[in-house]
2 protein chains.
Amino acid sequence: MSRRDIYEKLRARSKEIALVRGAANLLGWDQDTGMPKKGLAFRADQLAWLDGTAHRLWISADVGEWLAALRDSGEAWEAGPAANLREWERSYQRATRLPSSLVEEFARTRSMAREAWLEARRLSNFSHFEPLLERVVGLNRQMAYLWGYEDSPYDAFMDEFEPGAKAREMGPLLTRFGEAVSAILREMPARETVSLQGDCPIAAQQAFNRRVVEAIGFDFDAGRIDTTAHPFCSGIGPGDCRLTTRYNERDFTQSLFGALHEAGHGLYEQGLPEANFGEPLGSAVSLGIHESQSRLWENHVGRSLEFWERWFPVAADYFPHLKRFEPAQVWRAVNKPAPSFIRVEADEVTYDLHIVLRFELERSLIEGSLAVADAPARWNERFESLFGLKVPNDALGCLQDIHWSLGSFGYFPTYSLGNLNASQLFARALDEIPDLRPGLGRAEYQPLLGWLRRKIHSRGQLFRARDLMIDATGEPTHHRFHEAYLRAKYL
Amino acid sequence: MSRRDIYEKLRARSKEIALVRGAANLLGWDQDTGMPKKGLAFRADQLAWLDGTAHRLWISADVGEWLAALRDSGEAWEAGPAANLREWERSYQRATRLPSSLVEEFARTRSMAREAWLEARRLSNFSHFEPLLERVVGLNRQMAYLWGYEDSPYDAFMDEFEPGAKAREMGPLLTRFGEAVSAILREMPARETVSLQGDCPIAAQQAFNRRVVEAIGFDFDAGRIDTTAHPFCSGIGPGDCRLTTRYNERDFTQSLFGALHEAGHGLYEQGLPEANFGEPLGSAVSLGIHESQSRLWENHVGRSLEFWERWFPVAADYFPHLKRFEPAQVWRAVNKPAPSFIRVEADEVTYDLHIVLRFELERSLIEGSLAVADAPARWNERFESLFGLKVPNDALGCLQDIHWSLGSFGYFPTYSLGNLNASQLFARALDEIPDLRPGLGRAEYQPLLGWLRRKIHSRGQLFRARDLMIDATGEPTHHRFHEAYLRAKYL
């Protein structure tokens, strides 16, 4: 076979796997949106089969032979195929370096850890979770060793969510940013805001959200919005991207910002090059970039004064109790910082402090400088230094998140990366797009979306995330853009 | 391996295939209920992959070796495993006797035939469809030859939908029944009925239908109802059965009878033995039995006077324009026969005459005694003799159904079998269940459902359909029960 033939074989296999994963995504979406509850056990079997099949299709001997043949040929490829080969190689190495006995033990341990975590959180008692977390961390360290890493075993996990990211860069970035946020919190004046609570029928929220999400450019011929307990965005395949949100019948902003956040993810999915679907070139580059798209539309657009000047009259038609307010009052109400114990309820300002804390702790756990038994004390101590609040119990502290029970170390920093990237990209867009801000006040979103399509969406995994940021903004992720954004808004 | 080990291997493979088919069913359900339209092309690829994978899993050499080993051992099996082996053998033979080149040519021809049929129907011009139908019939005859048959090549097709059915039995059954219906139509007095049309908001129809469908025993923890252009019932897996119906905002009976019909199918699916899911023992026995369950609940229950005496007050709460009527007037209105050209709009009395016509024609086409070019003339001639009406054009005649363009010969008779079986089963249930009819007037459906669970649902494919009818009613399908039902109701 010629090099090109071998490349096409890899491409076909990659697309076949994407087809299987897309089916699994649909089954997962259905499980969360409408599956009858008695269907759960069989659905779990189906998802396990689809995951296993996708995995088998990739770790099969022929894929290894194809990659080896192209690796050894030593010839140069054009940028697109080279990017595909780079990512295929990476994922093949990751998939094949773990023996299946370890993968299975990890899956079993996670199941037990999830149960133990639920119980520990319910009782607010870390000791119920500690032995399982000990095992999860131990298995993770083993996996990092098998995957390989340069500086820190933590890099081996970030590589899953943020390919190419390194703890030695992430550490200083988050630490410095955390200090900046702490300074903002100290300087921030106390503000009174109005309450937006009132009668918000779900049908009215759905109609309003749909108008907004359609206006920013989400294509409803290639997607839909449904209701779930935890909002998400799921790419089922080209031309099919599903968003979800959740409704509070007294507060329309919860579903609105959920929908805007997920629509930001959805615009990225809808903007990936369709011809490359199922290849790295047609896939999102990293979670830190994905989250930048959701945060950009949720916060930089949806929480802007221009947004509320344009959409307030529409919102007041759907929710008449708002009629007594001015747009600026609503804008201030949806931008009210308030330090709290729970990450998922955190505002824009304090959110990243929650991440700084988690990043530091999980990195120490994985690198071995923190014992699992000492995690709660370290959490509480660090929380107080960051937020100035004493953690009253572990349920409001180190037991609040599901991630560690799932063994998902290295995931948390992508949330903050998303915030930093969003501000950096938006600052650049403001520089490059004439009249961007006044346009947002007229609901003219196409210039911004077009810019993101060109700079981010259409690139797929042509570059790694770091180089994509350099290409789009002239430098890798830096915290000063987000710091400036928060300072301008809150001080 | 021991015989039991080999049997268990077959069982595991059969369940694995059911898991894949269940995923395909969910993707198909989603395509009809909510998929964004731009997702179509990729969905087609996904379904083709899932179908192809399920097929490959079954025609693989190991399955053939396992079946051969058990066949040659010559030992006796208990009834349950023997039934599984009988059906595995049948489906393996059917799946492997066609060369894949023929399967692919058939798939391509069907795609083209479907397009040609749509165009021909639009233009009401059979000549647009004729060359493709010629090829479909030709390929079908080739397939029948490869599958093998005793008397008639038509048997090879019925075997797909109604395993074990024979044209030599089906012919006289349908012919005699057709004559009986014609006699009823001649004797039937003209009747005036009230119009039930009025304001029927969809939400009210959904609430009413759900109450009725729940009352007859459909488990909404193991299923749901959605909206589609063409109602269907799809078994996704154990604990997950999806019904659909369609709404007319002026007439609530359309969605109600759609929901009752599909719920009849759904009760069968929910009553199959869950431990045997994915095996023949856990699967519906034939389309003729499946349709008997839908027809029984739709017509024998839902179109009974007892039903309307019980549900009329509830319906009138949801649809206040009904308040001016008596229950018996509504009952008569939902039982109004009117000969018409289109099968899917036909009433309970004339419906089977449409089937008699199609059965005769397609049997002649497959047996070679009717040329494709002569089909329209034969259709129109036979239609006039059965209905006393002249067919004005082919769109209202031989071009109305999709089945032939799909190459689905042998499917039509299962609709009539369903009607005949429903009446035969219901007559037997009336004999065996004390006070069944008065109970229906009090919405007591459990005795009837329990009887069907014992006699039909829980059996899976333990017997072939013919023997299942003998076991449940003492004799194979006979038309006199349905004839008696129609005579009692309409004369």
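Me: What should I know before I start?
Reply: Residues are numbered from 1 along each chain as its sequence is written, and chains are lettered from A in the order in which they are written. Since it's a predicted model, local features need pLDDT of at least 70 and side-chain atom pairs count only at pLDDT 80 or more, while totals for chains, interfaces and linings use all residues; side-chain values use heavy atoms, with hydrogens and water left out.

Me: How do you know that chain B is in contact with chain A?
Reply: Contact means heavy atoms within 4.5 Å. By that rule, 37 residues of chain B touch 37 residues of chain A.

Me: What makes up the area buried between chain B and chain A?
Reply: Buried area is the accessible area (1.4 Å probe) that two parts lose on being put together, summed over both. Here that comes to about 2,700 Å², with 64% from carbon and sulfur atoms. On the chain B side, B:L19, B:F42 and B:W49 lose the most, together 24% of what that side buries.

Me: Why is the pair A:D219 and B:K38 called a salt bridge?
Reply: The term needs a side-chain nitrogen of Lys or Arg within 4 Å of a carboxyl oxygen of Asp or Glu. The closest N and O atoms of A:D219 and B:K38 are 2.4 Å apart, so the pair qualifies. A:D219 sits in the loop between helix 9 and strand 1 of chain A, and B:K38 in the loop between helix 1 and helix 2 of chain B, so the pair joins two chains. (Helices, H or I, at least four residues, and strands, E, at least two, are DSSP runs numbered from the N terminus.)

Me: How many salt bridges does the rule find across the interface of chain B and chain A?
Reply: It finds 8. One salt bridge is between B:D219 and A:K38, at 2.5 Å, N to O.

Me: What makes the contact of helix 16 with helix 18 of chain A?
Reply: Helix 16 gives A:L425, A:F426, A:R428, A:A429 and A:E432, and helix 18 gives A:L448, A:W451 and A:K455. These two helices, residues 413–432 and 446–455 of chain A, pack at about 115 degrees with axes 11 Å apart. Axes are lines fitted to C-alpha atoms over the stretch in contact, and angles run from 0 to 180 degrees between N-to-C directions.
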